[in-house]
Amino acid sequence: MKLLSTVMALALTFTPVAAPVATPVVPAPAGRYTAEIRRTEYGIPHVTAKDHGGLGFGYGYAFAQDNLCVLASWVITLRGERSRTFGPEARSDDPVRPVDNLTSDVYYRSVADSGVIRRVLAQPPPVGPTTELRELVDGYVAGYNRYLEDTGVANLPDPTCRGKSWVGPITAADLWANLLDLNRMAGSSGLKEAIVGGEEPEGPAPAPGSNAWALGRRATRDGHGMLLADPHFPWNGIRRFYQVQLTIPGVLDVSGGSLYGTPVVQIGHNARVAWTHTVSHAHRFTLYRLRLAGDGAYLVDGRAEPMGRQRIEVPLKDGTVTDRTLYTSRYGPVLAEGRSDEYAYAFADANAANLRAADEWLAMAKAGDLAELRAAQDTFQGLPFVYTLATDVSGTATFADASVVPHVSDDRARRCAVPAPDPSLEAFTLDGSTSACLWGRDRDAVVPGLFGPGSQPRLTRADYVANSNNTPWMTNPAAPLTTYGQVWGATRTDVETRPRVSLDMIARRLSGTDGLGAPGFTLPTLQATAQAKRNYTFELLRSDVAALCRAHPRATASDGRRVDLRQACRTLAAWNGRATLDGQGAILWREFYTGLQRPVRPGEPAQPWWRVPFDPEQPLTTPRGLDRDDPAVRRALADAVQRFQAGGIPLTLTPGQAQHYSSLPVPGCTEFEGCFDRVRTGDPLGADGRYPEVDTGSSFMMAVELSPAGPRTRTILTYSLSANPSSPHHTDQTTLFARGQWVTERFTEAEITADPRLRVTTVRG
């Protein structure tokens, strides 16, 4: 997204730096916490305690053992201290949308100075945190700090931050700030530069990703509920998953993936329920156009309201301070961009004061069936930007967009629509000059201005529900969802190739036509299906490319040169369409298919090249076919071959040769190509035949079967448990992932104690 150039001037002065104000660290009372950390294969921790405080303590200690440097750096970000520590021009450590440190610091200091966290913490549940969550947070902080005290900064095992002056104890305020920032990730936290006036981040932002299947009794061979979780989150930084089991006997026993710096499991299972998430298409924010009234005011219902002002001071590395003034309105912060003499724009974020998600995940982890899971969601209504797909031991599968969504009906969106500051901005822009355009209210909503549970798209089935970041309407093609409003996403729209291959994989397994045996899912066939590495666009277009090759063994490239296509055509004809490590033709296909999307001339849109366009009456079979008569198609193949030849790159280049993570070869293909378990490198193929390091894609994969005898689960953490390059668990699971292997989860007491490599540590504080 690219907003208009900055028009609103921000006050910017330099003065001698003031002495830094120390963040208070409150030590835990001696002997308050006790926890047991048991580590099984691949270093996976199983943390047990008698209460929530002790559980948080053990979890914080275990996490710090593996990933202290990542959280220590992120705490500097949340405190707005990166410019003083690393310099204002350097890039922040935000793995999703990095900005320069000065922009980052201004934003995070404005959040802290607003007092939003203090106000939410003062509220009773469900708006404010429960006692159990507060104890988890306090314990997690104490456990992290205890590990740091026991080890010492100078002796940390991770060279990334060993001996660094910026490493120190953290506070509960830091953890609450991280939870708030996670919830704002699809809103204000992802648009820092638009809010505070910084430069647009360089390069493309990672595309939202994730696959999820909840399988009911009619889809599984033994009639059990089964779940596939395949979130596509960053492979580096604070938004990685950490695999953990958290247990309070008789109260909580949950295993799964927990995002760094959070004391709860976001994607996981207990003995009777399993759930996962994918990124939702619903809106998280709206813009409000403000009609300016002069003297720093704007009009609402004909009356002038003054803008609020925030003066933000950011210490710099050279010993000076930069001073910025930000503006606020009744709707939220006033954008630093898009202002004219007549109008300005305010940003209304539905997650601006949302700390409810962590309590919701904690309650979901304690659910005994889908009814209790749904009750947990209805109670807290805090999931920030994700769909939920879940199943239970009864073999029922359910989907819901139970996320935080601003209450903007279709009628209000039409009635209140005004021009946006940038046509490319995918958000409702509403008229802020009238209170009639405020967000609406649902009686069952915990927070005014949001849609309540009764308005959410949902579907419950005995066969399956599935989502690969498509809108809700094709959750199950046998029961299309079409009655939700625009704010939740489009209906009857192009399903796109990754969701299409997902639904095709399920259909083939249920009919037994995928080569994996009799119809219906088992745990082994679920694993095999999920990691098949199918490239769906190649499957759709293979025969057309073969026909093109027969008709045009040579073609003209963009520079006018004639290119021999015969070797490339032989390579593609021999490829099986799987993006495995040894898939000869996989990278050639990617470069050709990517070239199809490029405009013929700079500044022009790419021309459609599908032979059959999308038809909403045939959403799973259109678009299809390659327009072989289009010269642009032949030119795209000639250009791809020419690039390979110019760099001396073999046309048989494989994913194992071109893709890597921490020097290890990585299989897979991209979202764009219609790949299910996708990877992304962010930048084009280099002249050496290698992409930059994989930075996002399948991250914590979990296949679980909920049988009456207990859960059977296979997992793979694609980038492994520890970000510490010297850890034995830095790339051990990455090696398994590259080979298509999984880890057999140890969930029960018998399974954990049977591990011959079991390591047990008791921690107290």
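Helix 3 covers residues 101-114, and its 14 residues reach 20 Å from the first C-alpha to the last, close to the 20 Å expected at 1.5 Å a residue. The model is a predicted one. Because 11 of those 14 residues are buried, helix 3 is largely enclosed by the rest of the structure.

**Helix 3 and its ends**
- The buried residues of helix 3 are N101, L102, T103, S104, D105, V106, Y107, Y108, R109, S110 and V111.
- At the start of the helix, D100 places a side-chain oxygen within 3.2 Å of the backbone nitrogen of L102.
- After helix 3 comes G115, which has a positive phi near 75°.

**Packing of helices 13 and 14**
- Two packed helices are described by the angle between their axes and the distance between the axes.
- For helix 13 (residues 536-551) and helix 14 (residues 566-574), the axes come within 10 Å and cross at roughly 145°.
- This crossing of helix 13 and helix 14 is left-handed.
- Helix 13 contributes F538, R542, V545 and C549 to the contact, while helix 14 contributes C569, L572, A573 and A574.
- By class, the contact residues comprise seven nonpolar, no polar and one charged.

**R324 in strand 15**
- R324 lies in strand 15, which spans residues 320-328.
- With a relative accessibility of 11%, R324 counts as buried, because the cut-off for that class is under 20%.
- The side chain of R324 reaches the backbone oxygen of V196 at 3.3 Å.
- R324 and E313 are 11 residues apart along the chain, and their C-alpha atoms are separated by 6.5 Å.

**Cis peptide bonds and positive phi**
- Most residues other than glycine have a negative phi, and most peptide bonds are trans.
- P125 and P126 are joined by a cis peptide bond with omega about 5°; P126 sits in the loop between helix 4 (116-121) and helix 5 (131-151).
- The bond from T622 to P623 is also cis, with omega near 0°, and P623 belongs to the loop between strand 24 (610-612) and strand 25 (624-626).
- D301, not a glycine, has a positive phi of about 55°; its place is in the loop between strand 12 (297-300) and strand 13 (303-306), and its relative accessible area of 36% makes D301 partly exposed.
- E496, likewise a residue other than glycine, has a positive phi near 75°; E496 is located in the loop between strand 21 (464-467) and helix 11 (497-511), and at 48% relative accessibility E496 counts as partly exposed.

Technical notes. Residues numbered from 1 in each chain as written. Predicted model: local features only at pLDDT ≥ 70, side-chain atom pairs only at ≥ 80, totals over all residues. Heavy atoms only, no water. Axes fitted to C-alpha atoms, helices over the stretch in contact; angles between N-to-C directions. Helix = DSSP H or I, 4+ residues; strand = E, 2+ residues; numbered from the N terminus. Left-handed = near helix turned anticlockwise from the far one by under 90°. Contact = heavy atoms within 4.5 Å. Nonpolar A, V, L, I, M, F, W, Y, C, P; charged D, E, K, R; others polar. Expected span 1.5 Å × (residues − 1). Buried < 20%, exposed > 50% of the residue type's maximum accessible area, 1.4 Å probe, protein only. Polar contact = N/O pair within 3.5 Å; in protein donor to acceptor, adjacent residues only side chain to side chain.
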